[in-house]
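This note is intended for a colleague who is meeting the structure for the first time. Please read the points below alongside the sequence and the coordinates.

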Amino acid sequence: MATPLSDTPLSPLKTIAVIGLGTMGTGITEVLARAGREVIGIDIGEAQTAKALAALEAATARAVERGRLTEEERAGALARVRTATDLAAAADADLVIEVVPESYEIKHQIFRELDGIVRPETILATGTNALSVTRLAADSARPERVLGLHFFNPAPAMKLVEVVSSVLTAPGAVAAVTDLAIELGKEPVAVGDRPGFVADGLLFGYLNQAAAMYEARYASREDIDAAMRLGCGLPMGPLALLDLIGVDTARTVLEAMYAESRDRLHAPAPVLKQLSEAGLTGRKAGRGFYTYEAPGSGTVVPDALTPAEGAAAAAGREVRSVGVAGSGTMASGIAEVFAKAGYEVVLAARSEEKAQTAKARIGKSLARSVDKGRLTAEAAAQILDRIAPAGSYDAFADVDLAVEAVAEDLEVKRQLFATLDKVCKPGAVLATTTSSLPVVACARATSRPQDVIGMHFFNPAPAMKLVEVVRTVLTADDVHATVREVCSRIRKHAVDCGDRAGFIVNALLFPYLNNAIKMVQEHYASLDEIDAAMRLGGGYPMGPFELLDVVGLDVSLAIEKVLHREFRDPGLAPAPLLEHLVAAGCLGRKTGRGFREYARR
């Protein structure tokens, strides 16, 4: 019988076998060898082991070129790697990490064979992100020594490692593997056994929703990806990321998540099945959501769905002057954007004082740009001179485009659009910056719904490149064309979408944030663990709880309620923990307390 691990310190994990030398296995091998471990790389064929060694040589050569390794260190790392095609080569390993295909049958077979090969004290780790670690452990003769060790791709670059315990895993095994991860220069996060764990558990639900959005033809693949990159600061759009991960892999992970959660948000979008069964699995196949130069290439090439450059569009209306309604941060930011692009801007609020305060805020913003060397003092003065503050919307009489940026309250917006209908000249384009309310409701408050469109800027408007251009079923073609032309002139990236709750960004972002709250609510992981997992494993600029506290928990709850009301999906119901915090007045940074506490300014 194996020695209990709970009270027995383990010797350092010096010799490690990696089973499966695909992209992930080869990457893990490189990480281990560079950290001074003896590595036995095992795969079923010599062609694959040779390919892995060639990849290792190329990767370490690049590291030398970039100054991250010396030639001596490279030679040492390569000397510490040996390969084999028989599991018996793992006999002397202190730790075995399997990264074979996501199949219980294949993994069970490997674990059963290893039971008869490795020493009693050897730890067995699975690299799965979709299958049950507990089920794999239960089939082993040493379940207390089986755990999950989930690296992220590419393993040499990604800092996160999820250490996954089952109910059977001994604490000593977890401690030994956690220490190893730290020695490898990684940041380990301890998680329990459920499909997707933390990072993929949140990531794949979001990817699935993006695939469903594309399948419904709500927005183009290019616009969905650009919206999430530019609106959320993500390194890749969701559909490009699905192609990188593998459409078939994503479908497997989602099937496992759905089997446990029965949450419709995890039920794989039918397009994932269609692409998988057609062999269009992403980059590795040369085609998935996008088409690539060759199998394995990351270079996207045009295909039948690629938008034609310079395609003829409807002619837009001439826009020389712009009215911005509102006096808050968003209104002043939008006015600054238009003035910088050379437009004459009328900044109108409910009083002359509020309008002057908003203009003063723009002056301070421009002054900061001067201090940072981004603008000359003369240019800043010219920009500010283009902005005329007004205490009445009557000042919009001659503007060609009126943009409202008032409170996110439908009745307030409807009243404003009724006013704009009276004061703006015929042919003026009327735009709302709403992030979640129906644009058509604003349009119906006017006698000219064909002239109304959504222009959803992101905060802070001067810095954020994205504008969601939201057409209603009543919006005229030339109004849409006008706003696209204006976006180009103000140097914003416009993405087209229809008039439904959340548009692109919020419809994908807020269910992800809500699911993160549910993880904490269910005591699956802590705030810090989840934030670290998404920053380090998903490349997110902020963890979900950092972002929620910045956005405001009351704002987040309002958007969640709008999404739930529109799509009627139980999985979109706001997490009770979010509702409790809002009811308690814990709204995030602006109140000094949200999911975390903040020093009062």
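Is Lys340 buried, partly exposed or exposed? With a relative accessible area of 37%, Lys340 is partly exposed; here buried means under 20% relative accessible area, exposed over 50%, and partly exposed in between, with a 1.4 Å probe and protein chains only. The model is a predicted one, in which local features need pLDDT of at least 70 and side-chain atom pairs count only at pLDDT 80 or more, while totals for chains, interfaces and linings use all residues. Residues are numbered from 1 along each chain as its sequence is written, and side-chain values use heavy atoms, with hydrogens and water left out.

1. Helix H12. Lys340 and Glu336 both belong to helix H12, 4 residues apart, which is about one turn of the helix. Helices (H or I, at least four residues) and strands (E, at least two) are DSSP runs, numbered from the N terminus. The two side chains meet in a salt bridge at 2.9 Å, N to O; the term denotes a side-chain nitrogen of Lys or Arg within 4 Å of a carboxyl oxygen of Asp or Glu. Glu336 counts as buried, at 2% relative accessibility.

2. The open sheet. Eight strands, in the order E13-E12-E11-E14-E15-E16-E17-E18, form an open sheet with mixed pairing. Two strands are taken to pair if DSSP finds at least two bridges between them. Strand E13 (387-390) and strand E18 (493-498) stand at the edges with a single partner strand each, so one side of each has no neighbour in the sheet. On average, neighbouring strands of this sheet are turned by 25 degrees against each other, direction ignored. Helix H12 packs on the sheet and touches E11, E12, E13, E14 and E16; its direction makes about 170 degrees with that of E11. For these values, axes are lines fitted to C-alpha atoms, for helices over the stretch in contact, and angles run from 0 to 180 degrees between N-to-C directions; contact means heavy atoms within 4.5 Å.

3. Strand E11 and its partners. Strand E11 (residues 321-325) is mostly covered, with 5 of its 5 residues buried. Ser321, Gly323 and Ala325 point one way from E11, whereas Val322 and Val324 point the other way. E11 pairs with strand E14 (residues 401-404) in the parallel sense over 4 bridges, and Val324 has Val403 as its bridge partner in E14. E11 also runs parallel to strand E12 (residues 344-348), joined to it by 5 bridges. From E11 the chain passes through helix H12 (residues 329-340) to E12, and this β-α-β crossover is right-handed: with the strands pointing away from the viewer, the path from the first strand over the helix to the second runs clockwise.

4. Strands E16 and E17. Strand E16 (residues 452-457) and strand E17 (residues 466-471) run antiparallel and are joined by 4 bridges. Gly454 has Val470 as its bridge partner in E17. The loop between E16 and E17 holds Pro460, and the peptide bond from Asn459 to Pro460 is cis, with omega near 0 degrees.

5. Further salt bridges. The structure holds 29 salt bridges. One of them joins Asp139 to Arg112, with the closest N and O atoms 2.8 Å apart. This pair links distant parts of the chain, 27 residues apart: Asp139 is in the loop between helix H5 (133-138) and strand E6 (146-151), and Arg112 is in helix H4. Asp139 is partly exposed at a relative accessible area of 28%, and Arg112 counts as partly exposed at 48%.

6. Thr122. Which loop contains Thr122? Thr122 lies between helix H4 (104-115) and strand E5 (123-126), and at 0% relative accessibility it counts as buried. A polar atom of the Thr122 side chain lies 2.8 Å from the backbone oxygen of Ala93. Beyond its neighbours within four places in sequence, Thr122 has contacts that include Asp94, Arg142 and Arg145.

7. Backbone points to check. Phe503, although not a glycine, has a positive phi of about 50 degrees; its place is the loop between E18 and helix H18 (505-521), and it counts as buried at 1% relative accessibility. Arg568, likewise not a glycine, has a positive phi of about 55 degrees, but Arg568 is exposed, with a relative accessible area of 67%.

Definitions and conventions. Polar contact = N/O pair within 3.5 Å; in protein donor to acceptor, adjacent residues only side chain to side chain.
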